[in-house]
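Colleague: Hi! I'm new to this one, could you walk me through it?
Modeller: Happy to, let me put it up for us.

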Amino acid sequence: MSWGCPWITSPAPPVDPASVHGLIEELTALELDSAVLLTSFHQSPLPLALLLRMARVPQIAAASVDYPGSLLDVRVRPGSAPSTGTSTGTSPATSAGTSPAIDDAAAVVPMPGARDALNLVRRAGLRTGVVSNQSGIGRGMLRREQVDSVNARVEELLGPFDVWRICPHTAADGCLCRKPAPGMVLSAADELGIDPARLVVIGDIGADVGAARAAGARAVLVPTPVTRPEEVDAAPEVAPDIWTAVTRLVAELDLTGQ
Ligand SMILES: [Zn+2]
């Protein structure tokens, strides 16, 4: 793709919100695993790094004379060796732990509270499952075996799940399983023999909420660094972390005696 950057092109047109949002949407749809920004030495990569962050690119590298805050995962200071990480916090890739782009089982890091939350759910006699978009397969960037070994590692760390559903397609494939389409949620409910209306989907982006609602299931959004403010605003239910989401659900079940 190509995009005429209004703060680089000459003469520079005004920065147009519609065009910037269009770029973010296009980049989001590409589901990039990482980005390397190449700019001439007198240009800052930071405005574009910000847009890439907003498009949920988990790993961004660039040369930057200016302090990059948390916008760059790998910062090259002209004239010195690259450094990773920044002092103002972790990148979405490391703090979210289960980035959709993950391709290495050794890199799986559970979300804080995930193990405890799952133990609580299992002790309450509820069944658990995973529904995951993995378009890296469809784009040839991820082999099915890599996804399988990542999933095996997830079960090693978090215990066994009763059902797994993986969508290997890209947005362009127009399949019925890729979230926010309801296919994976419906088929997981079917395998579990549960009415989708009695299923709760906990996720961190609007597509998770969308898939749940389209399937007639309940959705709880647990924001992570990749969650957008408008997704939080639109969510029917929000919890600050997985543990809170799950204790709330289990308490409700106790109250209703189900
Ligand atoms: Zn699919």
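Colleague: In which hand does H4 pass H10, left-handed or right-handed?
Modeller: H4 passes H10 in a left-handed crossing; a crossing is left-handed if the near helix is turned anticlockwise from the far one by less than a right angle, and right-handed if clockwise. Before we go on, this is a predicted model, where local features need pLDDT of at least 70, side-chain atom pairs count only at pLDDT 80 or more, and totals for chains, interfaces and linings use all residues. Residues are numbered from 1 along each chain as its sequence is written.

Colleague: Thanks! What are the angle and axis distance for H4 and H10?
Modeller: Helix H4 (residues 114-123) and helix H10 (residues 242-256) pack at about 15°, with axes 8 Å apart. That makes H4 roughly parallel to H10, because angles under 35 degrees count as roughly parallel, over 145 as roughly antiparallel, 65 to 115 as roughly perpendicular and the rest as oblique.

Colleague: Which residues of H4 and H10 meet?
Modeller: Ala-114, Asp-116, Ala-117, Leu-120 and Val-121 in H4 meet Ile-242, Trp-243, Val-246, Thr-247 and Val-250 in H10 (in contact if their C-beta atoms, placed from the backbone, lie within 7 Å).

Colleague: On to another pair: at what angle do H1 and H2 cross?
Modeller: The axes of helix H1 (residues 17-30) and helix H2 (residues 46-54) cross at roughly 55° and come within 8 Å. That makes H1 oblique to H2. From H1, Val-20, Leu-23, Ile-24 and Leu-27 make the contact, and from H2, Leu-51, Leu-52 and Met-54.

Colleague: And the strands, in what sense do S7 and S8 pair?
Modeller: Strand S7 (residues 200-203) and strand S8 (residues 218-221) pair in the parallel sense over four bridges (two strands pair if DSSP finds at least two bridges between them). Ile-202 has Val-220 in S8 as its bridge partner.

Colleague: Changing topic, which peptide bond is cis, with omega near 15°?
Modeller: The one from Lys-179 to Pro-180. Pro-180 is found in the loop between strand S6 (163-167) and helix H7 (183-192).

Colleague: What about Glu-31, is its phi positive or negative?
Modeller: Glu-31 has a positive phi of about 50°, although it is not a glycine. Most residues other than glycine have a negative phi, and most peptide bonds are trans. Glu-31 sits in the loop between H1 and strand S1 (34-37).

Note on methods
Axes fitted to C-alpha atoms, helices over the stretch in contact; angles between N-to-C directions. Helix = DSSP H or I, 4+ residues; strand = E, 2+ residues; numbered from the N terminus. Contact = placed C-beta atoms within 7 Å.
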